[in-house]
Amino acid sequence: MKLKLSAVFFFFFISATTPLLQVSNNGVRGFKLEENESHVKKSDFPPGFLFGAATSAYQVEGAYLSDGKSLSNWDVFCHSVGCGENEENGDIADDHYHLFLKDIEMMRSLGLKAYRFSISWARILPRGKFGEVNPAGIMFYNKIIDNLILKGIEPFVTLFHEDFPQELEERYESWLNPQMQEEFVHLAEICFNYFGDRVKYWITINEPRLFTDFAYETGIFPPARCSEPFGKCLNGDSDVEPIIVMHNLLLAHGKAAKLYHENFELYVQPKQNGLIGLVAHCDMFEPLTDSELDSEAAKRAFAFNAGWVLDPSIFGDYPKEMREYLGSQLPVFSVEEKNFMKNSIDFIGINHYTTVYTKDCMDSSCTATGVRAIRGFLDTVGERKGVLIGELTGLEGIYVVPRGMEEIVDYIKIRYNNKPMFITENGYSSPDLYEEQVNEILNDVKRVDFHSKYIASLIKSIRKGADVRGYFVWSLMDSYEWLVGYNLRYGLYYVDRQTFKRIPKLSARWYKSFLTNNSNILIRKPQDRKDYFKRMS
């Protein structure tokens with residue numbers, strides 16, 4: 001079964017007014033990738049710029065009940081309804097739990113200087129605050145951190161990447177309950193205590209708005225709560241519960257960041273201040289037409305998505321656009337909460353995959369979900385006058401639009417006073433490639449094209465003064481796909497699901513050449529492209 005997913009809310013793996021208003025597209029339906037006349041090399045980036053790759057715990061670790069780990073919300077969900085394309089589960093995933101040493105050596109051979117991974121909450125605290133710390137879980141992540149550092153790779157640790165102990169859902173409905181804030185702070189404190197002497201970069205929560213949408217608005221992630229017209233679930237209210245959940249997520253982040261800043265940021269040795277941030281899913285939104293209504297809708301789209309996450313974490317309150325359209329539905333931060341929420345992040349994590357057109361729904365006919373306040377009274381679409389905004393990918397509603405990287409970074413730079421940024425996810429999944437098409441999967445020319453052009457777009461923003469300090473490919477290897485009905489492969493490495501052997505794709509060899517040989521990453525002429533890929537094979 002294929003699900004139609006709004007690009008406004010696409011997850012990982014899978015958003016400055018002027019940039020939103022002045023972009024146009026002159027492509028054709030067949031689509032031609034944008035050409036960039038700059039020859040970008042690794043040496044063009046600022047000194048100390050970190051190039052890396054990313055994964056998440058549930059999607060790669062496996063070992064779902066090994067060494068004291070408890071069932072997570074995802075374990076129960078995928079065992080119950082089945083996930084991915086063939087109703088699978090993440091019991092083994094990429095077996096990273098047993099193969100992490102080989103994976104870290106693989107990272108070293110690529111030339112990575114940073115690796116972003118997440119903590120399995122159920123592996124560290126199997127019962128949350130209701131139980132003890134799991135020593136085996138602590139040992140596992142200590143080994144990962146120590147071996148990364150030994151190989152010269154900077155660990156970026158995400159505390160919450162959508163998975164938590166199922167017991168917390170059963171006890172008090174997890175993120176619908178304010179008690180979850182204290183559960184998260186407890187997790188954060190344990191991790192800061194055990195790992196904080198070696199981890200300089202922390203991320204509290206990955207894509208809180210996207211998680212809220214998928215879990216409580218459309219109901220395709222656990223706990224699968226929603227209401228019509230967003231979806232058909234047994235329980236939930238898509239117009240109300242996302243607001244409650246987002247408030248709890250944001251306060252959980254704020255309290256954990258306050259704890260870190262007050263007690264742990266000087267813990268990193270030798271004498272470097274640790275940093276803590278938050279990751280937002282950041283699509284770029286362009287107006288569908290030249291009308292003022294669609295231009296305002298494009299600005300509103302950012303506010304109801306990335307702005308919902310970043311405004312409270314930097315300014316201490318929700319975006320004014322949300323206050324205008326949600327009114328008293330939107331919670332109010334207390335004075336104390338505003339104080340610890342304001343500037344609670346040291347850096348902004350940007351997960352960027354696509355750019356879409358935005359249509360106002362206040363004075364136009366729209367979809368049933370577009371006319372709801374929770375969505376900001378707007379729709380997003382991928383074509384204008386029959387012309388696609390960009391080439392299709394493996395996920396419906398996600399398009400290849402390299403210019404969007406420059407535009408979203410420029411917009412965030414202006415809106416948030418050029419707070420330090422990391423591109424924490426950027427990746428490409430090919431459409432309709434199945435397990436038996438191994439040769440096509442390994443010869444991932446379009447992934448090379450995607451990353452080279454998005455990196456070229458990023459350097460434009462950096463040259464204009466954007467304080468971007470790193471770029472992470474999503475993902476290091478093909479990970480377990482949790483979206484029902486999809487077989488998405490974002491990895492630089494192909495993973496054989498029978499043997500778990502990691503096989504480098506063309507993109508892995510390209511990334512290695514870029515990182516270690518400072519090679520030219522843009523290939524403009526067809527013959528040059530053929531010659532390059534022949535040399536890389």
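Biologist: What should I know before I start?

Modeller: The model is predicted, with local features needing pLDDT of at least 70 and side-chain atom pairs counting only at pLDDT 80 or more, while totals for chains, interfaces and linings use all residues. Residues are numbered from 1 along each chain as its sequence is written, and side-chain values use heavy atoms, with hydrogens and water left out.

Biologist: At what angle do α10 and α12 pack?

Modeller: Helices are DSSP runs (H or I, at least four residues), numbered from the N terminus. Axes are lines fitted to C-alpha atoms over the stretch in contact, and angles run from 0 to 180 degrees between N-to-C directions. Here α10 (residues 241-263) and α12 (residues 306-315) pack at about 40°, their axes 11 Å apart. That makes α10 oblique to α12, a class left over once angles under 35 degrees (roughly parallel), over 145 (roughly antiparallel) and 65 to 115 (roughly perpendicular) are taken out.

Biologist: Which residues of α10 and α12 meet?

Modeller: Contact means heavy atoms within 4.5 Å. From α10 come P242, I243, M246, L250 and H253, and they meet W308, V309, P312 and S313 in α12.

Biologist: And how do I read empty space?

Modeller: Rolling a probe the size of a water molecule over the atoms shows where empty space is left. A pocket is an open set of points on a 1 Å grid over the protein atoms alone, where a 1.4 Å probe fits, with protein on both sides within 12 Å along at least five of seven lines; lining residues have an atom within 4 Å of a point. In this model, 22 residues line the second largest pocket, and F77, P222, P223, A224 and R225 lie nearest its centre. Helix α3 gives the largest share of that lining, five residues.

Conventions:
Helices (H or I, at least four residues) and strands (E, at least two) are DSSP runs, numbered from the N terminus.
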